[in-house]
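Try each task before reading its solution.

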Amino acid sequence: MPRFFEFVVNLNVLLICIIFIIGVQPLLDGVLSYLPCPTEVSSYGLDQSKNEENVTLFGTPDGPLVVLAFKLEEGCFGQLTYLRIYECVIRKGDFIHNINTRKKVKIPRLVWMHYDEDIQEAHAGQIVAVFGVDCASRDTFTDGSIKYKMTSMNVPKPMMSLAVQPVSKDSGGQFSKALNHFQREDPTLCKYKFSCRLLDLVLHWEKLDFG
């Protein structure tokens, strides 16, 4: 019980640190003190070769490579993909297999989260970013030796709907391309109806906070 009250008090302090962007070091110390190490938490994947049987991922550097693309962002060098490494080690220049699209891609550049520092490799439990990898949000990558897929995001039924159309027929292609790009970034954005003649597009989405 005293440990719980200590946690509550420190949590309030850490929240204030976040709001006013002060006390960064106590915030990082709190992360180490109260949050589990990634290798202490078991994650689960779905083995596509065994009828989506649950497979436990322990976050070890010796296991088969399992990586999840959880966020996309347009940067000055093209698409920036944020990856969470669940198993093994990923290195610059490696070829990885997209389980969703069954395509093999090469990692041309590997960087830390805010892409201000290039790195050569990253280990299980870390979150990194890569440039030049064509994928969608929630795609799973492996080294090709396994067919594990991370569980899909639970997206509730749409709560909002909106009908939009481009200003002219000539811009219909670019309009559709832009919406397809947004749909790759946000899996909650669903396109239901498109008429090439009227250029009517009905969008449905639920606004979720991904952090």
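**Exercise 1.** In which loop is Trp112 found?

Solution. Bear in mind that the model is predicted. Trp112 sits in the loop between strand E8 (109–111) and strand E9 (121–123).

**Exercise 2.** Is Trp112 buried, partly exposed or exposed? Then list its contacts beyond four places in sequence.

Solution. Start with the accessibility. The relative value for Trp112 is 29%. Buried needs under 20%, and exposed needs over 50%. Trp112 therefore counts as partly exposed. Next, the contacts. With neighbours within four places in sequence set aside, Trp112 is in contact with Glu117, Ile119, Gln126, Ile127, Val128 and Ala129.

**Exercise 3.** How far apart are Trp112 and Tyr82, in sequence and in space?

Solution. Along the chain, the separation is 30 residues. In space, C-alpha to C-alpha, Trp112 and Tyr82 are 9.2 Å apart.

**Exercise 4.** How many disulfides does the structure hold? Are Cys88 and Cys135 buried or exposed?

Solution. The test is a pair of cysteine sulfur atoms within 2.5 Å. The count is zero. Now apply the accessibility cut-off. Cys88 is at 16%, so it counts as buried. Cys135 is at 3%, so it also counts as buried.

Technical notes. Residues are numbered from 1 along each chain as its sequence is written. This is a predicted model: local features need pLDDT of at least 70, side-chain atom pairs count only at pLDDT 80 or more; totals for chains, interfaces and linings use all residues. Side-chain values use heavy atoms; hydrogens and water are left out. Helices (H or I, at least four residues) and strands (E, at least two) are DSSP runs, numbered from the N terminus. Buried means under 20% relative accessible area, exposed over 50%, partly exposed in between (1.4 Å probe, protein chains only). Contact means heavy atoms within 4.5 Å.
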